[in-house]
Amino acid sequence: MMQRHQTPKAVYVHIPFCTNKCHYCDFNSYVLKGQPVMDYLDALEREMERTVRAVPPGEIETIFVGGGTPTVLLPDQMESFLRRVKCYFPQWSGDLEFSMEANPGTTDLEKLQAMKEGGVNRISFGVQSFDNKLLEEIGRIHNTDDVYRSLENAAKIGFTNMSIDLMFGLPKQTAEVMRSTLKEALAFDLKHYSIYSLKVEENTLFHALYERGQLPLPEEEEEQKMFQLIMETLREAGYEQYEISNFAKPGYESRHNSMYWRNQSYYGIGAGAHGYTYGRRHVNIKGVQPYIDATKERLPQLECIEVSEEEAMEDFMMVGLRLLRGVKSSDFAAQFGRLPEVVFGSVLDRLQEKRLLEATENGYRLSEQGIWLGNEVFGEFLGAVEQK
Ligand code: SF4
C-alpha cells in the first residue's frame, strides 16, 4: 500500500489559547481571558470521537500537542484533556513520543505532574531568546528567570527529553546577542534545539510596523552571520543539524515532525488544525466558537481536498529536502512508482547547476548554500511535475 494511504501513526492536537498575543505571531491563537476553555475541550472530544469513527486508528507512534500555548490549561483541565486523548487514541507504541509545547511561566509543578501522568514525555519550550529586552520587544510575557524556573520544575518532575525554541533575525538583534543566547541555551545541555528565523507575517503587529518602516530588522548579512554562528555553535556542542532549523543529540530528532518531513499521514485535531489521512488533506475551522459549534453536528472541517499524485510528489520533495540528509530516490519510487529524476529531471539539474542541491549516494540533499536558500529550492518544485 502506498505510504500516504496508510493509517496515520501520528496525532496533532491544537490548543489555541495564549496568555497574550506575541507581536510576530500569526498562529491560530487567541488571548485566553474569557475563552470557553471547557467547551473547547468538550469540542475536541467530539472531534476525536467523529474522527476515529471515520478513520479508526492503529498503533500511535507520536502525539504532538501544539498551539497556542497548551500549558495555559489548568492542572485539572490538563488532566481531563490528556485522559480524553488517551481514550480515543488508546493504542500507544512502546516508545511513543508524546510532545507538548509549553511556555515558560505557565508550567508549575502540579501541571507538569498532570502532563507526566497523562503520558507526555517530551516538552518543547518556547523560549525565543535569553535577552530580556528582546523578549519584551517581541511581546513575550516571560523573562529568563521564568525559563530557568520552568526547566528546573520539569526536571524535578522527571522530564528528560526537552527542547527549546529560539529565534534569530529579530529587531535590533545582532550576532553578538545571539552568541550569548546560544551560550545560555546550551548550558542546559538539552536533547534538542529548534532555531527559527523571524518571518514578518501579515496580520501581525510586526507587519504593521514593518509597513510603516518602524521595524528595525537586522541586515540580511547580519542575519546570515547569525545563522552561520548557530550552525557552527550547535555542531561544536555535539548536536546534529538534521533539519534546516532543528538540532538534536543522536537519537533525539523530533519523530513527530519527521512524520511531516517524510510526507506521512497524520490526524489533525482542533481549531485550525491540518490533517492528512488517506491521501486527503483537511484544514479545520479556525475560530474557537465556530469550531465548537461545528463539532456538535459534524467534523469541523473548513476544507478537505484529495491530494493529486502530482501534488503529493511535489510535497514529498519540498518537505523531504528540509531534512539535511535529503531524500532517497528509492523512497520516492516506493510511494509513486517512478524515480524523482523521471518526474523532476530538469528541476534537479537546474538546482544542481546553481549549487543549491547536491546528489548523494542514493538521492539528493541541500548543499551548504541551499540550506540558507531553502525556500528558493522548494519553490522550484511547485507545479513542476513533468508529464511523461
Ligand atoms: S506564545 Fe506562541 S502561539 Fe502564543 S501568541 Fe506567542 S507566538 Fe503565538
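P75, M78 and E79 in helix α2 meet E110, K111, A114 and M115 in helix α3. Here, two residues are in contact if their C-beta atoms, placed from the backbone, lie within 7 Å. The residues of this contact divide into four nonpolar, no polar and three charged. Ala, Val, Leu, Ile, Met, Phe, Trp, Tyr, Cys and Pro count as nonpolar, Asp, Glu, Lys and Arg as charged, and the others, Gly among them, as polar.

This is a predicted model: local features need pLDDT of at least 70, side-chain atom pairs count only at pLDDT 80 or more, and totals for chains, interfaces and linings use all residues. Residues are numbered from 1 along each chain as its sequence is written. Helices (H or I, at least four residues) and strands (E, at least two) are DSSP runs, numbered from the N terminus.

Two packed helices are described by the angle between their axes and the distance between the axes. Axes are lines fitted to C-alpha atoms, for helices over the stretch in contact, and angles run from 0 to 180 degrees between N-to-C directions. Helix α2 spans residues 75-88 and α3 spans 109-117; they pack at about 5 degrees, with axes 9 Å apart. So α2 is roughly parallel to α3 (angles under 35 degrees count as roughly parallel, over 145 as roughly antiparallel, 65 to 115 as roughly perpendicular and the rest as oblique).

Now turn to the other partner of α2. The axes of helix α1 (residues 37-54) and α2 come within 10 Å and cross at roughly 5 degrees. That makes α1 roughly parallel to α2. From α1, V37, L41, L44, E45, M48, E49 and V52 take part; from α2, Q77, S80, F81, R84 and Y88. This contact has seven nonpolar, two polar and three charged residues.

Next comes a loop. P70 sits between β4 (60-67) and α2. P70 is buried, because 26 other C-beta atoms lie within 10 Å (buried means 20 or more, exposed 12 or fewer, partly exposed in between, with C-beta atoms placed from the backbone). Beyond its neighbours within four places in sequence, P70 contacts I15, V65, M100, E101 and A102. F17 is 53 residues from P70 along the chain, yet their C-alpha atoms are separated by 7.2 Å.

Last, the domains. The protein chain is divided into domain 1 (3-261) and domain 2 (309-381), with bounds from an automatic or database domain assignment. Their centres, taken over C-alpha atoms, are 28 Å apart. 10 residues of domain 1 are in contact with 10 residues of domain 2.
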